[in-house]
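Let's take a friendly walk through this model. Have the sequence and coordinates open as you read.

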Amino acid sequence: MSKSYFDETHCAFGHPKSTFMQWMLTIDHKRIGIMYAVVMFTFFFVAVAAALTMRFELFAPGQQFIDAHTFNQAFTLHGVVMVFLFIIPGIPAVFGNIVMPLMIGAKDVSFPRLNWFTFWLYIVGCLVALSSLFNFSIADGSLVFNFADTGWTFYAPYSLNTDTNVVTTLVAAFILGMASILTGLNFLVTIHRLRAPGMDFFKMPLFVWGIYATAWIQLLATPVVGITLVLALLEKYFGIGIFDPAKGGDPVLFQHLFWIYSHPAVYLMILPAFGIMSEIIPAFSRREIFGYRTIALSSAAIAGVGYLVWGHHLFTSGMSDIAKVMFSFLTFFVAIPTGIKFYDWIATMYKGKIVLDTPMLWALGTIITFAIGGLSGVTIAMVGSDIHLQDTYYTIAHFHYAMLGGVVFLFFAGIHYWFPLVFGKMYSEVQAKLAFYVLFIGFNFLWFPMFIAGYLGMPRRYFDYLPEFQIYHQISFWGAIIFVTGLIYMFYVLIQGMRNGKPTTPNPWNATTLEWHLPSSPPPLENHTKVPYVDFRPYEYHHGQPVVKFDENMKRID
Amino acid sequence: MANHTTVDYKAEKGGYYKVLVGLLLLTALTFIQPSMFLTDITFGIQMLIGTVKAWIILMYYMHLKGEKLIGWTVVFAVFIVVFFFTIVIIDVSNFQYADVSHITSPAK
Amino acid sequence: MAHDSHDSHEYVPEIAVDRNGKEHVVQGWQGDFDGAKLGFWLFMLTEVLMFGAMFMTLTYYFTLHHADFIHASSELDRTLGGINTVVLLFSALTMGLGLLKMRSGDVKGAKLMIWATILLALVFLGVKALEWTNDYNEGIFLGLETMQAGGGKSFGEILFFGMYFTMTGLHGFHIIIGIGLMLWLLKRINSKKVSPEHHILHFNIALYWDLVHLIWVFVFPYFYMTGAGAIHG
């Protein structure tokens with residue numbers, strides 16, 4: 001049995017003997033990706049717990065379990081952890097690290113030591129973010145937390161005036177932003193420099209295109225929010241008046257600067273997820289992807305247009321009318337490349353030999369949920385219905401359909417797809433499919449009622465509500481219970497598969513891209529035995545069978 | 001991309017001095033302009049001189065000349081910054097509530 | 001990026017063979033000059049975006065508080081600011097000549113030029129400190145009573161000076177980082193890690209220094225010269 005990357009590694013410095021230190025100091029992109037995944041999903045469950053607490057509280061009108069102030073902190077915790085700790089680094093940090101270098105035939109990313117440093121920067125950011133969770137006191141026999149209560153958006157002037165610990169959260173967001181920038185930089189250079197000979201940009205797998213477009217957003221949007229948070233800190237301590245209207249500042253400027261980053265960040269989340277979709281659909285339809293170039297270029301187009309639409313977050317906070325019309329118009333443009341992708345995926349499946357394995361199920365489920373999420377987004381962006389729908393549960397439902405039903409579902413799809421590659425073992429297909437159905441049903445019960453509640457006027461972030469909304473909150477509650485059950489079950493199945501799943505071959509799905517042509521599973525330390533010469537398209541199938549085959553020295557033998 | 005190769009110091013240093021002289025002249029221009037000419041649009045002229053200086057530094061000191069890929073990345077980044085500027089300034093110069101705003105004048 | 005002495009890191013050039021038997025060199029991540037250069041340029045773009053966002057904030061308030069900004073700008077010390085501009089200009093020259101010397105094989109001359117750049121950077125910081133001290137004595141500094149709302153200054157002036165200290169402060173911070181980088185570079189040259197054949201670190205630090213200069217090219221006229229025409233008693 002040959003050695004895999006679990007057995008040996010390169011370290012940032014020194015040659016530690018202990019397995020633990022080898023993991024801590026590793027510069028191997030596969031190991032770093034796995035560590036990201038472990039940390040991220042730990043925090044994911046923290047945020048899920050916060051959300052579930054809110055659902056319990058909202059089961060009936062009035063106060064039951066937590067008071068209004070704690071409720072504010074709960075949704076801030078949920079937002080900060082989900083956005084900054086989980087979903088923004090999310091797919092790029094995990095699969096961008098593990099799979100992207102394999103897909104382009106590289107031995108590692110361009111700057112492996114920087115990659116290691118970035119991971120630890122991310123950890124520092126996480127610790128700073130959560131440090132204020134442990135800053136609590138006991139008053140009148142109950143716990144009083146000091147976590148920020150501003151929501152994850154830190155809108156001025158409230159974030160400048162609140163007594164809670166908003167500083168640590170701001171600093172953490174800044175550090176995590178730096179980690180995100182460095183990840184993007186590393187991937188951009190890797191994709192430009194380390195592609196296997198012969199692989200031009202239009203021979204790259206589409207996941208790599210997704211990562212490439214994402215990396216540009218990470219690189220060019222994150223600095224803006226970074227400096228905004230610094231300005232907010234300076235404002236808080238020196239009273240310059242940049243964002244505080246009582247001192248001559250304009251709070252809307254804060255929102256401009258914040259969303260200049262945070263809106264592209266939405267595409268930063270979804271583009272690599274679309275990349276995963278573009279991998280799974282051809283592999284499980286056993287058919288070459290339809291419209292390769294349009295999918296690749298629409299990734300770039302979404303990233304490009306994504307920079308120009310931040311203003312639709314400001315419709316309710318006072319913008320000039322001309323800017324409103326411009327932003328509404330620009331926002332519609334994003335729907336075009338997104339629509340192109342969806343039609344391409346569906347056209348790929350047409351007359352394909354569809355295999356309904358777990359990754360494909362997740363991808364198909366996402367087509368449904370993301371279509372709802374995406375199209376409801378267009379209704380919110382429209383001048384006319386925007387004021388009615390923004391800041392209501394309708395918006396909450398919209399972005400959970402898009403983010404959870406789009407990004408996280410595809411993240412799960414990717415986990416099921418690349419699981420045998422990473423661990424060399426297989427989970428139980430039957431159980432994994434069951435987990436999908438439970439999650440899919442729970443998901444729709446949880447969020448669909450919110451569309452209706454929001455349309456009828458239930459505002460977001462409220463601790464209390466009128467009795468007529470109770471029915472929607474209760475359906476959501478039971479949906480949440482089903483959803484969390486499914487979540488726990490899914491991770492149970494995966495962990496079982498990791499521990500005592502059946503060993504697999506290097507290419508269990510009959511997929512075509514380079515990461516499935518590794519000599520062994522799990523892959524060895526330095527990936528492919530030899531770097532192949534790439535003179536083929538990434539998804540070549542003939543009569544449902546992969547066209548391109550390699551011998552053990554990565555020479556083509558078909 | 002010929003930056004790997006060794007260079008002849010004597011042959012190349014002349015270029016650096018020429019650029020220095022150019023930049024010094026532009027700096028002098030920066031100083032005399034507000035009191036000499038086009039004083040109505042000082043801000044615009046100053047930014048224009050700054051842009052010219054930046055262009056020279058980018059092209060000659062930072063060797064951007066002849067760098068295709070890096071050149072385009074710079075263009076892309078600058079375009080985005082300019083776009084942010086344009087939109088935000090359009091928004092603020094169409095500010096509709098100046099009369100009732102506390103932002104433009106202190107609260108009474 | 002830097003090489004490691006550990007054997008397994010040593011890059012063995014690899015060849016990929018296509019179906020016609022033609023050989024293609026594979027680019028590895030080790031010793032990739034163009035990759036390191038591209039990476040550093042991308043990093044500099046993030047700096048451009050960061051300062052770009054600050055300039056945008058500044059312009060936003062310049063539009064809102066036009067007269068206040070011009071008045072406040074006329075109060076800054078143009079002599080000291082001008083001296084610093086020229087100092088930085090010469091430091092960019094020494095940095096560039098140092099890199100030229102390094103590439104032409106004159107390591108000793110290159111080190112001398114780096115020291116000259118460090119010296120000029122220190123002069124810049126010294127002048128900056130003097131200028132800030134003068135401002136402080138006139139009641140213009142972050143956090144002072146006179147710089148709060150209701151302390152005698154208009155909103156626009158407070159914003160102008162607040163942004164002035166923020167941006168020149170952040171620029172000064174970059175100068176300090178630059179000095180640190182140059183000292184590190186000297187150490188790497190002394191230990192032969194940076195040589196005429198492997199000068200990517202020197203190349204990138206020279207780029208960084210030019211970027212710091214570039215930012216000042218805009219910071220200086222924006223703050224100091226905008227109000228230079230205004231008559232001020």
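## Contacts within chain C

Among contacts in chain C between residues at least 6 apart in sequence, what percentage join residues at least 24 apart? The share is 71%, with two residues counted as in contact if their C-beta atoms, placed from the backbone, lie within 7 Å.

A note on what you are looking at: this is a predicted model, in which local features need pLDDT of at least 70, side-chain atom pairs count only at pLDDT 80 or more, and totals for chains, interfaces and linings use all residues. Residues are numbered from 1 along each chain as its sequence is written, while chains are lettered from A and ligands numbered from 1 in the order in which they are written.

## Elements and dimensions of chain C

Chain C has 6 helices and 2 strands; these are DSSP runs numbered from the N terminus, with helices being H or I of at least four residues and strands E of at least two. Read from the N terminus, the order is β-β-α-α-α-α-α-α.

The radius of gyration of chain C is 23 Å, whereas a compact globule of 233 residues would have one near 17 Å. That radius is taken over C-alpha atoms, and the globule rule is 2.2 Å times the number of residues to the power 0.38. Along its principal axes, the C-alpha trace of chain C spans about 80 × 40 × 30 Å. Of the 233 residues in chain C, 48% are buried, meaning that 20 or more other C-beta atoms, placed from the backbone, lie within 10 Å of a residue's own.

The model scores ipTM 0.89 and pTM 0.92. Chain C averages a pLDDT of 87, and 93% of its residues score at least 70; pLDDT is the predictor's confidence in each residue, from 0 to 100. In chain C, helix α4 (residues 107-137) has the highest confidence, at a mean of 94, and strand β1 (residues 14-17) the lowest, at 84.

Over residues 1-8 of chain C, pLDDT is below 50, and this stretch has 9 contacts beyond near neighbours in sequence. Where pLDDT is low, the predicted coordinates should not be read in detail.

## Where the chains meet

The contact between chains A and C takes 43 residues from chain A and 38 residues from chain C. On the chain A side, α6 (112-131), α8 (166-193), α9 (206-238) and α10 (251-285) each supply at least two residues, and α9(A) gives the most, with 10 residues. By class, this side of chain A has 26 nonpolar, 9 polar and 8 charged residues. Here Ala, Val, Leu, Ile, Met, Phe, Trp, Tyr, Cys and Pro count as nonpolar, Asp, Glu, Lys and Arg as charged, and the others, Gly among them, as polar.

Chains B and A meet through 14 residues from chain B and 14 residues from chain A.

How values were computed
Buried ≥ 20, exposed ≤ 12 C-beta atoms within 10 Å, placed from the backbone.
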